[in-house]
Amino acid sequence: MSGEQALPAFKFLPHEPSLWQLVRQGVGDVGSCIPERILNDFAVQFPGPGSPLVLSHPDLAREVLNDRLGQFERDRFIRRLFRRSWGQGLAGAEGAAWERQRKAAAPFFTPPSVKRQLQAFARETDAVAGRLPEDAETELNSLALRIVARIVFAVLVEARGQIDPDAVASDVPGYIARVVDFSPIDLLPLSERLLDWLNGVDRDPQVSRVRAAAGRLAASRADGASRSDMITLLEGIGPVRDNIGGLIPAALDTTVHGLSWALNTLAVRPEWQARLAEEAQAAGPSPALEQLLLARRVVQEVLRLYAPAPLLARSAKFDQVLAGHKVRRGQTVIVALYAMHRHRQLWVDPDRFDPDRFLPERGVNPAWMPFGTGPRMCIAAQFAQAEMAVMLARLLAQFSLHPTSHQPELALRTATRSRNGLVVRMRRR
Ligand code: HEM
């Protein structure tokens, strides 16, 4: 039966890696250093003094991300990554500056506020879907980028014609690769400015165009017009331009990959597509969340299988013991959400696509943590799930998906991505 087809999965290192293997593997793809036993054990210590400790149990994740807050801080690589994209905006700031911005933005992400955005999610999806060919092989990351960029620049920051979302979308992959993805150069003990220069951040035309778009949007807000977007809540509290620029990795890269994996997974599962299409067509062009029960379960399952933020990193502020391992001051601890979500001891049949594991009567599995946990947990967890469910429903209402010979290769970067894209055939119903 097609529903039993194996899902693409990340190829962990199969054995106890040597330091040399780690370095070789890690160049260009840090996640590929993690050995497969992280799917059976809950804590794996890399060889070498002070090397990272990798965790895959939800209790350990909570300890690092929530319970031992005074003992762990965001890792210096993560802080650098956030600084490049968020500057001093919400996700880049620490301490009181972060707290003020987090509190100010929170009302935008409450369930009633998310409910007000549903129509825009559907409208922007339909605007892209309406221009797709009748029957064609489609690269899903590009498609999802076009839809999500329109949503970001309609809902989170009202662009009002100041920028072209399609143009920004086409620059995003280059921007992410240069600004957001971890590069081996970042390991060098050099100043931030020099690292940016060596990484070519400021010389890249795609980075310049995305930054210029954020600048134009920030400047356009001086027109005094009233807006009801997320950025309005942060005006006067955090830097506007930084908060607009930061939405590119936070709101685009995550949701885009989530939607792409969902469509790719469904392409080989016609029976799930049929059920989703039926639900979506019954809900009509402007669905309410209560009408998308199946789509929401599919979204939860896809976020489990392809955690858009696969690895969360913190570093120890003091020497301490964690999961029976000595952790030294400054040592990196990685919460491997991807591994936690496919852990052999935490899930029944972990590599199988089964949205019904999220039926309310089955209870909540604490090992489902795609949005992290603790005070720096994703502020937009409800927003992102609703957005993904509506995008999925509107696409499935209008298109059937069919597999191609394309074989994705999973990479755990800042997002769980396919190195060679995701291609399916989309046929208008
Ligand atoms: C499926 C989509 C998404 C996933 C899986 C996701 C996941 C995450 C995770 C795991 C974190 C915590 C990082 C850490 O602890 O180191 C985070 C933080 C954050 N996310 Fe999301 N995210 C998604 C979509 C979004 C969207 C649509 C927005 C829109 C504004 C957003 C805004 C943020 C912000 C601002 C933070 C930083 C919060 C803080 O530092 O207080 N995310 N996200």
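Trainee: Which residue in E12 is the bridge partner of histidine 402?
Mentor: Arginine 425 is the bridge partner of histidine 402 in E12. A word on the source: this is a predicted model, in which local features need pLDDT of at least 70, side-chain atom pairs count only at pLDDT 80 or more, and totals for chains, interfaces and linings use all residues. Residues are numbered from 1 along each chain as its sequence is written.

Trainee: How do you know that E9 and E12 pair?
Mentor: Two strands pair if DSSP finds at least two bridges between them. Here 5 bridges join E9 to strand E12 (residues 423-428), so the two are paired, and they run antiparallel. The names come from DSSP runs numbered from the N terminus: helices are H or I with at least four residues, strands E with at least two.

Trainee: What makes E4 and E9 edge strands?
Mentor: Their open sheet of 3 strands has the order E4-E12-E9, with antiparallel pairing. Strand E4 (135-139) and strand E9 (399-403) each pair on one side only. Neighbouring strands of this sheet are turned by 35 degrees against each other on average, direction ignored.

Trainee: Why do E1 and E3 stand at the edges of their sheet?
Mentor: That open sheet of 5 strands has the order E1-E2-E8-E5-E3, with mixed pairing. Strand E1 (43-45) and strand E3 (72-74) each have a single partner strand, so one side of each is left without a neighbour in the sheet. Strand E2 (residues 53-55) is joined to E1 by 3 bridges, running antiparallel, and alanine 43 stands opposite leucine 55 in E2. Helix H2 (residues 58-67) packs on the sheet, touching E1, E2, E3, strand E5 (311-316) and strand E8 (332-336). The direction of H2 makes about 130 degrees with that of E8; axes are lines fitted to C-alpha atoms, for helices over the stretch in contact, and angles run from 0 to 180 degrees between N-to-C directions.

Trainee: Why is leucine 234 called buried?
Mentor: Buried means 20 or more other C-beta atoms within 10 Å of the residue's own, exposed means 12 or fewer, and partly exposed lies in between, with C-beta atoms placed from the backbone. Leucine 234 has 22 other C-beta atoms within 10 Å, so it is buried. This leucine 234 sits in helix H10 (residues 230-234). Leaving out residues up to four places away in sequence, leucine 234 touches Leu90, Gln101, Ala104, Ala105, Val240 and Asn243; contact requires C-beta atoms, placed from the backbone, within 7 Å.

Trainee: What makes the protein as compact as a globular protein of that length?
Mentor: The protein has 15 helices and 12 strands. Its radius of gyration is 21 Å, close to the 22 Å that the globule rule gives for 429 residues, so it is as compact as a globular protein of that length. The radius is taken over C-alpha atoms, and the rule is 2.2 Å times the number of residues to the power 0.38. Buried residues make up 46% of the 429 residues.

Trainee: How many residues surround the ligand?
Mentor: There are 24, and the closest are Thr254, Gly372, Cys378, Ala380 and Ala384. A residue is near a molecule or strand if its C-beta atom, placed from the backbone, lies within 6 Å of it. H11 gives the largest share of the shell, 6 residues.

Conventions
Contact = placed C-beta atoms within 7 Å.
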